[in-house]
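Thank you for having me. I would like to walk you slowly through a few local details, so please keep the picture in view while I talk.

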Amino acid sequence: QACFPNGRGVNPDLDVERKAPSFSVERLTTILDEGAQNTKLRREVEKVILSDPAFSRENQYFQTPPEQYETAVRKSVHLKEKLDQLGWAEGGVISEDLGFNIHTVFKTSIWELGTSDQIAKWIPLADKYHIVGTYAQTELGHGTYLRGLETTATFEIATQEFVLNTPRISAMKWWPGDLGRSATHAVVLAQLYIKGKCYGMHPFFVPIRSLQDGSPRPGVLVGDIGPKMGMNHIDNGFLMLHNVRIPRENMLGKFSQVLPDGSYVKQGSEKINYLTMIVFRVTMLAKEVLPALMKACTIAIRYAVVRRQSELKPGDPEAKVLDFQTQQQKLLPQLASAYAFHFIMGYLDTFYSKGCAEIKQGKFDSLPELHALASVLKAVLTDRCAAGVEVCRRACGGHGYSLLSGLPSLYCRLVASCTYEGENTVMLLQAARFLIRCFGLAQSGQPLPPSVAYLSSRSFGKCAARDQADFLNPDVYTGAYKHRASRSGRIPATCPAHCYYIIVENFVAAVEKLGNEAEIQRIMKHLCDLFALNGIFSDLGDFLHDGYLSEEQADMATASYLDLLAVIRKDAVPLVDAFDFSDGVLNSALGSYDGQVYQRLYEWAQKSPANTQVRAQHGRVCACDRRRRCLWFWLMRSECPSSCLNPFLFSPSCTGEPGLQELPETPLPEGSEQAVRTGSSSSEHGWELPLFLERSLRASRASLEQP
Amino acid sequence: MAMNSDLRKERDAASFIPELLTHVLDAGAERTRRRREIEALVLNDPDFQHEDLNFLSRSQRYEVAIRKSALMVIKLREYGIADPDEIYWFKSSVHRGRPEPLDLHLGMFLPTLLTQATPEQQDRFFMPAWNLEIIGTYAQTEMGHGTHLRGLETTATYDPATQEFILNSPTVTSIKWWPGGLGKTSNHAIVLAQLYTQGECKGLHAFIVPIRRLGTHEPLPGITVGDIGPKFGYDEMDNGYLKMDHFRIPRENMLMKYAKVEPDGTYMKPVSDKLTYGTMVFIRSIIVGDSARSLSRACTIAIRYSAVRHQSEIKPGEPEHQILDYQTQQYKLFPLLATAYAFHFVGAYMKNTYRRITGDINQGDLTQLPELHALTAGLKAFTSWCANTGIEECRMACGGHGYSRCSGLPDIYVTFTPSCTYEGENTVMMLQTARFLVKSYTQVSSGQLVSGMVSYLNDLLGQRIQPQQVAARPTAVQLNDPSSLVEVYKRRAASLVEAAAKNLQAELTRRKSKEEAWNRTSVDLVRASEAHCHYVVVKLFTAKLSEIGNPAVHAVMTNLCLLYALYGISKHTGDFLQAAILTDAQVTQVYQRVKELLAAIRPDAVTLVDAFDFHDAHLGSVLGRYDGNVYENMFAWAKKSPLNKTEVHESFHKHLKPMQAKL
């Protein structure tokens with residue numbers, strides 16, 4: 001953090017926030033990294049990567065989508081080479097800018113769905129990027145509902161080949177990442193037909209582009225699907241197949257195979273595929289979703305102590321915007337959520353490892369629970385994090401709208417995760433199905449999986465809180481969440497309620513485990529309280545409904561919540577510092593460690609192409625009769641069409657003011673004289689004022705003439 | 001190409017004629033006709049055609065916008081279009097609801113000259129500006145200062161020796177930042193600066209400052225001006241920065257209709273300045289209208305697409321269903337559709353009120369202005385916040401395809417979202433309204449009745465005896481009667497205003513400073529403001545129903561109005577339960593009723609968005625096309641994408657091949 005532009009120090013308004021943290025920031029960072037060793041390693045990797053000019057993100061915000069794509073390819077290739085040199089496995093910190101993300105999914109799908117022969121044949125090629133792959137499942141007209149996919153793979157006994165086809169436009173593969181320009185191969189999901197009978201969805205390994213020159217193979221129509229809200233560095237693509245033939249061995253055959261005579265054999269349990277989906281969801285939450293919220297909090301909170309606005313007391317200097325209660329109420333719950341989600345990811349991880357171990361032994365009992373948990377967390381966390389990043393962006397006022405703040409691109413990338421890897425509403429409904437089944441089990445007295453065991457404890461009383469302070473007792477708010485979660489009723493609402501209960505309960509447990517870290521435990525307890533009480537404050541009706549909370553208790557909870565904001569405010573900056581994002585990773589003019597916000601905004605803006613592309617004006621004039629004075633010419637950098645002449649007049653009427661003097665006409669370049677048009681333009685008689693302006697003009701004059 | 005059969009069926013099954021509802025939205029059949037006529041003028045004009053903006057770079061988009069703006073100015077004058085509404089229709093057809101570089105010139109620079117310049121100044125500046133020799137912008141916001149005007153740092157120091165003002169940007173934070181059209185387009189700016197004369201600061205005043213040389217357009221010596229860089233949206237707009245280094249302008253360039261500086265430096269105070277309230281009310285009414293229109297566009301796209309898109313079986317063996325048949329999809333979209341209609345009526349109400357009041361102002365009656373100013377602040381915030389969230393919800397309801405720029409939805413969102421910030425940051429706006437509500441509450445507490453939209457606070461007087469039971473009265477709530485729901489919202493507003501006012505009082509007794517107490521109550525105050533605005537919206541929607549004559553239209557609008565009100569209750573049950581306005585049982589009924597209304601509205605959903613009457617060119621969306629031929633056109637659109645210009649992208653040869661060779 002030592003490198004400050006132009007040797008400026010840390011902005012004093014930000015510096016003072018770091019003077020007296022109630023806990024050790026470094027210690028908290030190591031706790032978040034799960035060990036000082038990990039922190040050290042992460043920082044070393046970051047240092048190596050970020051100091052390499054090839055990974056510079058200086059131009060990130062100025063590039064067009066095609067430029068972004070090319071940069072991503074260049075950086076990915078460079079990273080691959082660099083990692084090979086260093087002998088490292090990964091260099092994660094700059095993942096935002098890289099391409100070939102689906103190449104990994106491609107490899108995983110071969111690992112998970114392929115036979116050992118197939119793995120041995122294709123994985124080494126993929127590892128060396130001799131083939132670049134994508135995973136083509138989603139179609140133009142079909143996403144969530146896999147059975148509805150229309151692409152077909154028909155087995156032809158005579159040639160021992162599968163013939164792949166896109167029967168209609170809605171069956172075109174659409175959206176797969178890396179497909180548009182990069183991929184040479186695709187794992188294509190298609191309906192398998194043998195002798196006229198449909199056997200359902202199966203994965204096929206399909207070469208789509210020539211390995212020599214990158215051109216599409218015969219029968220393949222492939223391309224980019226066009227610009228998106230974000231992630232324009234990725235070439236999401238379309239793929240249309242017309243009688244594309246692949247050998248029988250190209251069906252990924254771990255779970256089913258087609259024999260030479262056309263008979264179909266199923267083997268093993270495909271249930272394990274669920275595990276792959278769960279892995280993707282868990283990884284996505286940990287690596288993309290949660291860090292995005294943490295970054296947004298870092299940017300918005302640092303900026304909120306640098307930005308000053310209005311007086312809190314007359315005569316005082318303008319106050320830091322973070323001192324306004326309304327600003328605290330926007331940002332601090334996001335900060336608390338980031339910590340809550342960090343701890344729930346730990347929980348999910350443990351749960352997942354345990355489930356994996358069981359599944360590897362052939363016990364699939366915990367799979368439905370694991371699947372439901374991952375689904376509901378996927379939906380709730382992506383929703384909350386995406387919304388949270390937008391809250392942070394808007395809390396930065398106008399400057400949050402500038403790409404230089406880093407926030408718009410963070411949002412645009414993150415919000416896509418609400419749709420991919422399982423659309424959120426569908427995720428919630430899947431989890432709801434599991435919950436309803438458990439609820440049924442509970443009512444018939446049968447045992448329940450651990451994460452929903454609370455459904456069978458039916459001690460629904462009333463909240464016992466007697467004063468405001470009682471709401472800082474974890475038993476009190478955990479009880480409230482538990483009550484809400486176990487109340488059956490509106491289904492779409494039940495799932496998040498269940499999820500929040502687990503998150504709150506787990507946060508409380510995580511805080512308890514910090515017994516050796518008194519100071520950190522104290523601030524984490526505050527954050528846990530804030531997270532829980534913010535949820536009660538936001539959904540008060542759920543807790544008041546059926547009288548679990550009384551009206552007075554609702555007031556107490558609210559008061560307790562609002563008081564906490566001021567408490568956490570004091571440590572807000574150390575709490576985001578602990579996330580330990582380097583400036584290179586944030587790439588934000590508002591959020592850098594030194595808080596030199598305005599200087600940086602000004603310097604970065606100078607680099608905008610709009611400012612650097614010097615207009616080639618010198619010595620050039622327009623061919624029209626306005627020549628140098630043609631407004632079109634200086635705006636458009638090209639000669640004006642005849643239609644532009646009329647409005648763009650520089651009449652001689654406005655001389656005599658500073659800045660209004662006309663320049664002496666420079667002689668026209670040779671050869672352009674004849675281009676100068678003659679004749680009068682309609683400008684000379686001017687235009688009539690539109691009625692409403694004329695009216696206003698008259699009214700304004702009339703009002704002046706009155707005494 | 002023929003209309004998609006799903007959409008045709010939807011339209012055939014409608015219970016009402018959309019044209020009649022369009023007339024309601026346009027305030028008359030004749031206005032609908034005229035609007036379409038003007039839209040057709042633009043949309044059929046080959047001069048206004050251009051490449052799909054989604055495929056252009058930012059500087060290309062700026063160029064297209066400049067070209068269209070220039071043509072627009074000529075053609076408006078050629079056609080003699082002068083009515084403000086007609087100009088608005090023309091402009092939004094040219095720019096399809098996007099900003100344009102001349103917005104500030106036409107919308108702020110010219111009007112400010114009209115309202116704040118002396119006749120002499122108008123003579124010097126108005127006609128050149130009218131003829132676009134002078135292109136101006138309005139430079140108020142600074143890099144470090146937005147909301148708090150008194151905090152602006154730019155100075156204008158009067159030098160009697162030369163009879164000039166010296167304009168200066170003393171710090172980095174004082175650099176003017178954000179004004180539209182400032183970066184590249186304008187050659188003049190109206191600059192807001194702290195006036196210093198005879199050694200004293202006289203506060204903010206407006207100055208006409210030339211910034212670029214006429215003819216060459218080079219920045220003048222002492223002026224640093226440029227573009228502030230790429231943004232979330234607003235690619236067409238060259239939002240700019242302006243740094244002035246002891247830049248001199250003649251004394252006559254200060255806008256001196258109200259305040260004056262004499263040649264010797266003597267400062268003459270302005271008379272009353274309440275008139276600027278009028279402009280602010282007007283701009284806020286425009287933003288409320290924008291909220292309605294932007295949300296309507298998003299709803300049109302999402303609902304049409306949901307009727308075309310099929311997914312999963314509801315019953316095994318059936319064909320895949322239109323996603324609009326899923327309750328979860330209806331629950332996402334129909335409340336937003338109802339909101340869009342509600343905001344249309346609020347916008348129309350505000351515009352009418354503004355017109356009425358400007359009439360009064362011209363007769364010298366300013367009594368209603370403070371209330372209107374205070375209350376419109378909250379409505380601006382309330383509607384823009386709801387529309388902002390709503391547009392994103394519509395986008396996400398379109399699944400993956402909503403993320404593609406061909407859906408048009410990302411563009412609507414990024415264009416709309418800054419309205420939560422500009423013309424008054426929303427939280428600040430809510431607190432302005434709260435200030436008025438608290439003032440009215442205090443007035444009522446001291447026994448004085450209040451009038452207008454806050455008159456419900458008078459009801460609190462009769463209930464002084466049981467302070468905790470403000471709103472608790474025997475409840476005979478009719479969940480099927482909009483006017484009964486207006487009462488319910490009214491009581492919620494009353495209870496939250498009272499709670500906030502009491503908390504404020506409690507903080508005041510606990511702490512010394514008034515400002516500190518206000519800050520410590522501000523979350524409560526914002527909630528009170530929101531409840532008040534919510535009440536106003538429900539009330540205005542309900543009032544509109546009585547103006548709809550056609551029974552079929554009336555029936556469907558009544559359902560929408562009920563959905564708006566009941567959905568709002570279901571999202572804020574805490575407020576209604578806590579103040580004992582509704583019982584647990586009633587809240588459960590509300591949830592139930594919302595679901596029933598979704599099913600009731602379902603058959604008319606497509607026709608309800610058709611009635612907004614957006615031309616396909618206005619929607620700019622492949623998903624929202626009137627004919628519903630979504631997939632063919634997505635494919636056609638994608639083929640035009642810049643990445644597809646060559647079959648093999650150059651990065652294959654530049655990066656991929658060499659790497660493969662090395663590994």
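Let me begin with A:Gln160, which is found in the loop between strand E2, residues 152–156, and strand E3, residues 161–165, of chain A. Please keep in mind that what we are looking at is a predicted model. The phi angle of A:Gln160 is near 55°, which is a positive value in a residue other than glycine.

B:His217 sits in the loop between strand E6, residues 200–210, and strand E7 of chain B. With a relative accessible area of 5%, B:His217 is buried.

Strand E7 then leads us to a sheet, an open one of three strands in chain B, with the order E4-E8-E7 and antiparallel pairing. Strand E4 (176–177) and strand E7 (223–227) of chain B stand at the edges with a single partner strand each, and therefore one side of each has no neighbour in the sheet. Strand E7 of chain B pairs with strand E8, residues 240–244, through five bridges in the antiparallel sense, and B:Gly226 has B:Tyr241 in E8 of chain B as its bridge partner.

Finally, which helix lies across E4, E7 and E8 of chain B? That is helix H19 of chain A, residues 597–606, which runs at about 110° to E8 of chain B.

How values were computed:
Residues numbered from 1 in each chain as written. Chains lettered and ligands numbered in written order. Predicted model: local features only at pLDDT ≥ 70, side-chain atom pairs only at ≥ 80, totals over all residues. Heavy atoms only, no water. Pairing = 2+ DSSP bridges. Helix = DSSP H or I, 4+ residues; strand = E, 2+ residues; numbered from the N terminus. Contact = heavy atoms within 4.5 Å. Axes fitted to C-alpha atoms, helices over the stretch in contact; angles between N-to-C directions. Buried < 20%, exposed > 50% of the residue type's maximum accessible area, 1.4 Å probe, protein only.
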